[in-house]
Amino acid sequence: MALWVRTTMAKYCSYSTQLPIHFAERPISAFPAKRLLTVRSKAFSVQASAKDGSSTSVGFLGLGIMGSPMAQNLLKAGCDVTVWNRTKSKCDPLISLGAKYKPSPEEVAAECDVTFAMLADPDSAFEVACGEHGAANGIGPGKGYVDVSTVDGGTSKLINQRIKSTGASFLEAPVSGSKKPAEDGQLIFLTAGDKPLYDLASPFLDIMGKSRFYLGDVGNGAAMKLVVNMMMGSMMATLAEGLLLSEKVGLDPNVLVEVLSQGAISAPMYSMKGPSMDMRLALGLAESVSQPTPIAAAANELYKVAKARGLSDDDFSAVIESLRAKLGSS
């Protein structure tokens, strides 16, 4: 089952259309807007300058599934990059490409003009920024901290307060996209925070991504990321139900995937690991504003089953197998 899911999903994603972004920097409104939304498509400038006119040095904290390819793209573009990871061996491939290494987030932030952080969860993001030997202990006036991790708005605001207390600038910039877009420099950045830092960091965001949105105050980027991933997680759960139903009534799931790929709901599906966490955070966000999310809550039950079965690091097939197990036990 897992094999045909991987095969058909690869085929499904290959059919998915990529809508080009033609927006200039301008406000966009679908619902009545509370603030301006800035959108930029991928730019071609890859140079940024510090206040003294020299080339901006970049730090990168966290070299996991997403962080490593993002940092590699910065190095391949000729950026001056200093890296850190809790497991030092994960820094070695980057060092071989020309990266410098520092043994703590504190030392990276002290060394670099702009420090990016891509951590696995809110606790890790907070610890790396604000803990002992965290980035906040080395950063200061004239420097910037850009957190591209997926965290809740409360955590992002706490990191913002700690970084700003040092005189440095802060930008949250969680990404929409998974491992392959990270490798290809096709991520979407959902940013909020200090606008001057956004302007300074934009050339680097353009190396790592295909588009970037500036959403205003800290917390808005985190909220947008959680809403997007909640919707993706619900879509994955619905697709899992449809694939199993097609199989049960004697249809070829491969044909179902092809039919979907040519219709209005054609869209790439993402890996199990990211959405399983983001569904939980998104449900917490909805609860904080008393917003019912019955569909997302039901979908999240599949991810809870997947986690209990030890499938949190698997791909979309984990959702299928979790639903199969859930239906089998009901």
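This tour moves through the structure one selection at a time and says what is found at each stop.

**Before you start**

The structure is a predicted model, in which local features need pLDDT of at least 70 and side-chain atom pairs count only at pLDDT 80 or more, while totals for chains, interfaces and linings use all residues. Residues are numbered from 1 along each chain as its sequence is written, and side-chain values use heavy atoms, with hydrogens and water left out.

**The whole protein**

Display the protein as a cartoon, and you can follow 13 helices and 10 strands; helices (H or I, at least four residues) and strands (E, at least two) are DSSP runs, numbered from the N terminus. Of the 330 residues, 49% are buried, where buried means under 20% relative accessible area, exposed means over 50%, and partly exposed lies in between (1.4 Å probe, protein chains only). A contact means heavy atoms within 4.5 Å, and among the contacts with a separation of 6 or more, 68% are between residues 24 or more positions apart.

**The largest nonpolar core**

Next select Phe-60, Met-70, Leu-74, Phe-116, Val-146, Val-148 and Phe-189, which touch the most other members of the largest nonpolar core, a group of 33 residues. A nonpolar core is a set of buried Ala, Val, Leu, Ile, Met, Phe, Trp, Tyr and Cys residues joined through side-chain atoms within 4.5 Å. Strand 2 (57-61), helix 2 (67-76), strand 3 (80-84), strand 5 (114-117), strand 9 (187-193) and helix 8 (195-208) are the elements that give two or more residues to this core, and helix 8 gives the most, with 7 residues.

Which residues is Met-70 in contact with, leaving aside its neighbours within four places in sequence? Centre the view on Met-70 and you will find Phe-60, Met-118, Val-148, Val-175, Ala-182, Leu-187, Phe-189 and Met-208.

Then move to Ala-77, in the loop between helix 2 and strand 3, which is partly exposed at 28% relative accessibility. Draw a line from the C-alpha atom of Ala-77 to that of Met-208, and the separation is 9.7 Å although the two residues are 131 residues apart along the chain.

Select helix 5 (residues 122-130), whose buried residues are Pro-122, Ser-124, Ala-125, Val-128, Ala-129 and Cys-130. The N-terminal end of this helix is capped by Asp-121, with a side-chain oxygen 3.2 Å from the backbone nitrogen of Asp-123.

Is Glu-132 buried or exposed? Glu-132 counts as exposed, because its relative accessibility is 66%. Not counting residues up to four places away in sequence, Glu-132 touches Glu-127 and Asn-137, and its C-alpha is 9.4 Å from that of Pro-105, a residue 27 positions away in sequence.

His-133 lies in the loop between helix 5 and strand 6 as well, and its phi is near 65°, a positive value in a residue other than glycine. At 45% relative accessibility, His-133 counts as partly exposed.

**Helix 9 and the annotated lysine**

Now select helix 9, which has 29 residues and reaches 42 Å from its first C-alpha to its last, close to the 42 Å expected at 1.5 Å a residue; the expected span is 1.5 Å times one less than the number of residues.

Within helix 9 (residues 220-248), pick out Lys-225, which UniProt lists under "active site" in an unreviewed entry. UniProt positions are given in the numbering used here, feature names are shortened, and annotations may be inferred rather than shown by experiment. Lys-225 is buried, with a relative accessible area of 5%.

Ser-246 lies in helix 9 too, and counts as buried at 3% relative accessibility. Leaving aside its neighbours within four places in sequence, Ser-246 is in contact with Leu-251, Pro-253 and Leu-256. Just after helix 9, look at Gly-250, which takes a positive phi of about 90°.

**Last stop: Ser-290**

Finally, go to the loop between helix 11 (273-288) and helix 12 (294-308) and select Ser-290. Ser-290 has a phi near 55°, a positive value in a residue other than glycine, and is exposed, with a relative accessible area of 67%.

Note on methods. A polar contact is a pair of N or O atoms within 3.5 Å; within protein, one must be able to donate a hydrogen and the other to accept it, and residues adjacent in sequence count only if both atoms are side-chain atoms.
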